[in-house]
Amino acid sequence: MWTRRTLLATATAASLAPLGRARAAAMPGVTATSIKIGNTNPHSGPASSYGAIANAEVAFFKMVNDQGGIGGRMIDFITLDDAYSPPKTVEQTRKLVEQEGVAFLFNSLGTPTQTAVRAYLNSRKVPQLFISTGADKWADPEHFPWTMGWQPSYRTEATIYAKYIQHEKPSGRIGVLYQNDDFGKDYLLGLKDGFGAAYDRMVIKEVSYETTDPTIDSQVVTLQSSGADVLVTAATPKWAAQTIRKAAELNWKPLHFMSNVSVSVGSVLKPAGLENAAGLITGAYLKDATDKRWDNDPGMQQWRQFMAKYMPGADLTDGNHVFGYGVSVTLMQVLKQCGDDLSRANIMKQAASLDNEEVPTLLPGIRVSTSATNFHPIRAMQLQRWTGSTWDLFGDVITA
Amino acid sequence: MNARRTALWLFGAALLVAPAFLMSGYRLFQLTSMAVYAVAILGLDIVTGYTGQVSLGHGAFYAIGAYTGAILMTQFGWPYWATLPAGGAAAALVGYAVGFPALRLTGPYLALVTYALAVAVPQILRARALESWTGGAQGIVVTAPDPPAFLPLSQDAYLYLFTLAVAALLFLLARNMLSGRQLRAMIAVRDHALAAEAAGIDIARVKTRAFAVSAGITGVAGALGAIVVQFVAPDSFAATLSIALFVGLVVGGSASLPGALAGAAFVQFVPNLAETVNKSAPGVIYGVLLVAALYLMPSGVAGALRRTLPARLRTSTSPGKATPLPNKGATIHVD
């Protein structure tokens, strides 16, 4: 029944609708009281241990909402399972953008999975913010201005090793063992960045391996016989363990730098022999939750309180929770800087305008900085040495 | 009766085409993916459902089709539609080769050999020797085709209709192939190989051909998938893909063409459903749903439909079980 009142109401609604739409179009995923953020992560399948990162983020945003949200808006964080399968990532990312209408994607995980959606997100101008991958290619604002990583890239890490070697062992003869794919090659590029013109003089041997090789023994022997006294190993865990073990068998004791994806006590050092690994050096940027030195650290206390209240029962030794907390704090800074303009363009602009931000779970002295041309938020690391029983931080923070 | 049949067909076609004009991009993408899975499962059905040779390695054929398509498009500048037959042919060739061990191995042994293929292919795709073509672990980014200028369609709608057309064509081809003498020979090999041989069926030929055709169809699905997803990488074709296709085949109902469609719906939508039920343990929910589906429909969706639908509504496209063999081995007419 059309009464005058319904007619009036309809007319009013119709006249207001364009206004509402205009606003929604300018700031998709954002209302006066909420902001919707999307994420894909492997919650199932072989890579599902990374799901802990997204779980920490869900808990983190719950904490933020309990404390009143950000700028009066509650955070609606949606994380979907892609099982680390690129086709699934495309589907879930499209669901988040087109169905859920998220403002942006935050800290989605995986190099192949995020490669699959990079073109889609950039063509739609949806921020693909602080993704979880160490590949260096994400920092490419010229071609992909809507994509940004967070953690130090493999290339950054290798540059830091080069800087340290140049400073501490300028006459070192360096051997490089790398996995023959983009992961391993990023390390070669990083060493070249770090050594510059001195690369050809300092690096006396580059040896690669395939993940299909049955063992890595012959590569290690080749490197030893080349006379190298410094070894940079860019290997994934299984190969890292083999390298450490083989070098010990050969009684070869180079100054050994190991890719920081392969320094887990359980999956690398124990299989290699804890004693064999003594003296191994790697780069770190996050505080280690199991390291006693952070027991009274305000940043880690803040993290522990969060864990106790919002993730009771979760594994406190799992570094993924520390990572998830750190990257979420970085995002909060971006949103704070955005103020009331939560348009996608401004979110990206603010993400690229971080100025030396402190993050409680990053090592002291490591800050987050970005600019219109620097899409590497974390460019510094501190080295740590395996003592045979623990990782021991030493020296200053080194910036790539 | 004939008019009614035509009307039914037209209605069905309209039902399939309608989403292109009614649904959003993301939903269309899901339906397109489902159509791609349906083609892949159709391929698997030919060798496993109809010929009885269990394959847990069809994800490998899918990957071969996808990579062939992606490489031809990005490095040789082939038009997207031309990559489909090429992807199918490449997969069929490999399928034919795999068909030979199938001559000696049966049941679980053959399943393991094909599974080995599924495990090996992602590794091979990462190999250095192939890297200049495959892009290694990084994979290949493919640009999806835009609709022809004269069609006022979005890219998603166009891809959906294109996939639908290819799927319809392949289902029709399969339907024609799975009839008469050939069908009976395949079913005889499945149900009683010894009797089939005694009846003069060339088992070797039936098996290797079934493998080649089956792999070829799944390969076309792979090439389609590469266009739809616009990306291929070794991680896209993990061994779990082969298992997913097998699950789709069994849940949909083996030896049934509509079953492939139902199976594809399961593969596409049930993991999402599981995730909405419980985010922290989607695998458990998926498992429960899978067991429930098999318990409630032991012969798949197609089997359940056969039992419940009145006879006159049944289509004639499910001949595997619908035309039971009279006295196994005794009265099969071959050649």
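Two residues are in contact if their C-beta atoms, placed from the backbone, lie within 7 Å. With that rule, the contact between the chains takes 25 residues from chain A and 27 residues from chain B.

Some housekeeping. This is a predicted model: local features need pLDDT of at least 70, side-chain atom pairs count only at pLDDT 80 or more, and totals for chains, interfaces and linings use all residues. Residues are numbered from 1 along each chain as its sequence is written, while chains are lettered from A and ligands numbered from 1 in the order in which they are written.

Back to the side of chain A that touches chain B. The elements giving two or more residues to that side are strand E2 (74-81), helix H3 (86-100) and helix H4 (111-123) of chain A. Helices (H or I, at least four residues) and strands (E, at least two) are DSSP runs, numbered from the N terminus. H3(A) gives the largest share, eight residues. By class, this side has eight nonpolar, nine polar and eight charged residues. Here Ala, Val, Leu, Ile, Met, Phe, Trp, Tyr, Cys and Pro count as nonpolar, Asp, Glu, Lys and Arg as charged, and the others, Gly among them, as polar.

Now look at the loop between E2 and H3 of chain A. Ala83(A) is found there. Its phi is near 50°, a positive value in a residue other than glycine. Most residues other than glycine have a negative phi. Is Ala83(A) buried or exposed? Buried, with 25 other C-beta atoms within 10 Å. The cut-offs: a residue is buried if 20 or more other C-beta atoms lie within 10 Å of its own, exposed if 12 or fewer, and partly exposed in between, with C-beta atoms placed from the backbone.

Next, the domains of chain A. Domain 1 is 31-152 + 297-369, and domain 2 is 155-284 + 383-399. The bounds come from an automatic or database domain assignment. Taken over C-alpha atoms, the two domain centres are 30 Å apart. Seven residues of domain 1 are in contact with eight residues of domain 2. The domain 1 side of that contact divides into four nonpolar, two polar and one charged.

On to chain B. Chain B has 17 helices and two strands. Of its 335 residues, 50% count as buried. Its C-alpha atoms fill a box of roughly 55 × 50 × 45 Å, taken along the principal axes.

One helix to find: H12(B), residues 203-229. This helix has 27 residues and reaches 38 Å from its first C-alpha to its last, close to the 39 Å expected at 1.5 Å a residue. That expected span is 1.5 Å times one less than the number of residues. H12(B) is mostly covered, with 23 of its 27 residues buried. Just after it, Gln230(B) takes a positive phi of about 65°.

Leu224(B) deserves a stop. Leaving aside neighbours within four places in sequence, Leu224(B) is in contact with Val36(B), Val39(B), Leu84(B), Thr163(B) and Val166(B).

Last, Ala255(B). Ala255(B) sits in the loop between helix H13 (239-252) and helix H14 (257-277) of chain B. Its phi is positive, about 55°, although it is not a glycine. Ala255(B) is buried, with 27 other C-beta atoms within 10 Å.
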